[in-house]
Every structure is written in C-alpha cells, then in structure tokens.
Amino acid sequence: LEKLVSDIERTFKYYSYKLTKSRVTNYDKIILTGASAKIPMMIPFLSDRLNVKVEVDDPLESFDFSERMLSRKKELRDDSVRYGAAVGLALRAVEKD
C-alpha cells in the first residue's frame with residue numbers, strides 16, 4: 001500500500017504543477033473506483049496518509065432499477081465499484097446513438 005500512496009502523491013504533485021495555471025491548488029477528495037475500493041481499510045488508510053477525504057464511486061447511483069431488477073438492487077449496489085468501466089462504456093455507446 002505504501003507504493004500506492006507514493007504513486008498517488010506523485011500524481012497529485014504532477015497535476016498540481018499542471019493545474020496551477022487554472023488556480024487549482026489543492027484537492028478536496030479522492031474518488032476510488034474498481035475492486036481496489038473494496039480492500040478492507042483502504043479508505044481510512046489513504047485518507048490518513050494523504051490527508052484528504054476518500055470516497056468510493058458508485059457508478060449505478062443515478063440509475064433507476066426496473067421492477068425486475070429491484071430484488072437484486074442491494075447485490076448490485078454492493079458490487080457496483082466493479083462496474084465503473086462497463087457503465088462508462090455503455091453510457092458512451094448510448095450517447096453515440
């Protein structure tokens with residue numbers, strides 16, 4: 001996990017340097033996506049180490065579930081961090097149509 005923190009800090013520094021022209025000087029939060037967001041203690045670890053709020057993205061947050069899917073809603077929500085790429089690609093395909 002220390003390598004992850006180091007990589008995130010390096011990314012912060014890079015974007016801080018690139019964004020200074022746009023007057024962005026700090027970051028309010030980190031949004032985790034993917035299965036790594038489910039690693040136990042990941043959120044408090046990153047928050048403590050990086051001194052920034054850490055949230056988990058829910059790519060299904062704005063979706064309305066059909067009656068047929070309501071029975072699986074909790075299950076889908078519990079695993080929703082794993083669907084980020086698929087949801088993004090699906091939305092991009094819908095926008096093209």
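Visitor: Let us start with Asn 51. Is Asn 51 buried or exposed?
Guide: This is a predicted model. In it, Asn 51 has a relative accessible area of 72% and is therefore exposed, since the cut-off for that class is over 50%.

Visitor: Where does Asn 51 lie?
Guide: Asn 51 is placed in the loop between α2 and β2.

Visitor: What is phi of Asn 51 near?
Guide: Phi of Asn 51 is near 55 degrees, which is positive although the residue is not glycine. Most residues other than glycine have a negative phi.

Visitor: Which loop holds Met 41, and what is its phi near?
Guide: The loop between β1 and α2 contains Met 41. Phi of Met 41 is again a positive value in a residue other than glycine, near 70 degrees. With a relative accessible area of 59%, Met 41 is exposed.

Visitor: Now the strands. In what sense do β1 and β2 pair?
Guide: Strands β1 (residues 29-32) and β2 (residues 53-56) pair in the parallel sense, over four bridges. Within this pairing, Lys 53 in β2 is the bridge partner of Lys 29.

Visitor: Which residues of β1 are on the covered face?
Guide: The covered face of β1 carries Ile 30 and Leu 32, while Lys 29 and Ile 31 are on the uncovered face. In a regular strand the side chains alternate between the two faces of the sheet.

Visitor: What does Leu 32 touch?
Guide: Leaving aside residues up to four places away in sequence, Leu 32 touches Ala 37, Met 42, Ile 43, Leu 46, Val 54, Glu 55, Val 56 and Asp 57.

Visitor: How many residues has the largest nonpolar core?
Guide: The largest nonpolar core has eleven residues, among them Ile 30, Leu 32, Leu 46, Val 54 and Val 81. At least two residues of this core come from each of α1 (2-19), β1 and α2. The largest share, three residues, is supplied by α2.

Visitor: Changing topic: how many salt bridges does the structure hold?
Guide: The structure holds five salt bridges. Side chains of opposite charge can pair when their charged atoms come close.

Visitor: With which residue does Arg 49 form a salt bridge?
Guide: Arg 49 forms a salt bridge with Glu 2, and the closest N and O atoms are 2.5 Å apart. This pair links distant parts of the chain, as Arg 49 is in helix α2 and Glu 2 in helix α1, 47 residues apart. Arg 49 is partly exposed at 36% relative accessibility, and Glu 2 is partly exposed at 46%.

Visitor: What about the partner of Glu 55?
Guide: Glu 55 forms a salt bridge with Lys 29, with the closest N and O atoms 3.5 Å apart. Here too distant parts of the chain are linked: Glu 55 is in strand β2 and Lys 29 in strand β1, 26 residues apart. Glu 55, at 25%, is partly exposed, and Lys 29 is partly exposed at 39%.

Visitor: Which residues do salt bridges with shared partners join into one network?
Guide: That network consists of Lys 3, Asp 7 and Arg 10. Within it, Asp 7 forms a salt bridge with Lys 3, the closest N and O atoms being 3.0 Å apart.

Visitor: Why are Asp 7 and Lys 3 separated by about one helical turn?
Guide: They are separated by about one helical turn because Asp 7 and Lys 3 are four residues apart in helix α1. Lys 3 is exposed at 57% relative accessibility, whereas Asp 7 is partly exposed at 26%.

Technical notes:
Residues numbered from 1 in each chain as written. Predicted model: local features only at pLDDT ≥ 70, side-chain atom pairs only at ≥ 80, totals over all residues. Heavy atoms only, no water. Buried < 20%, exposed > 50% of the residue type's maximum accessible area, 1.4 Å probe, protein only. Pairing = 2+ DSSP bridges. Core = buried A, V, L, I, M, F, W, Y, C linked by side-chain atoms within 4.5 Å. Contact = heavy atoms within 4.5 Å. Salt bridge = Lys/Arg side-chain N within 4 Å of Asp/Glu carboxyl O.
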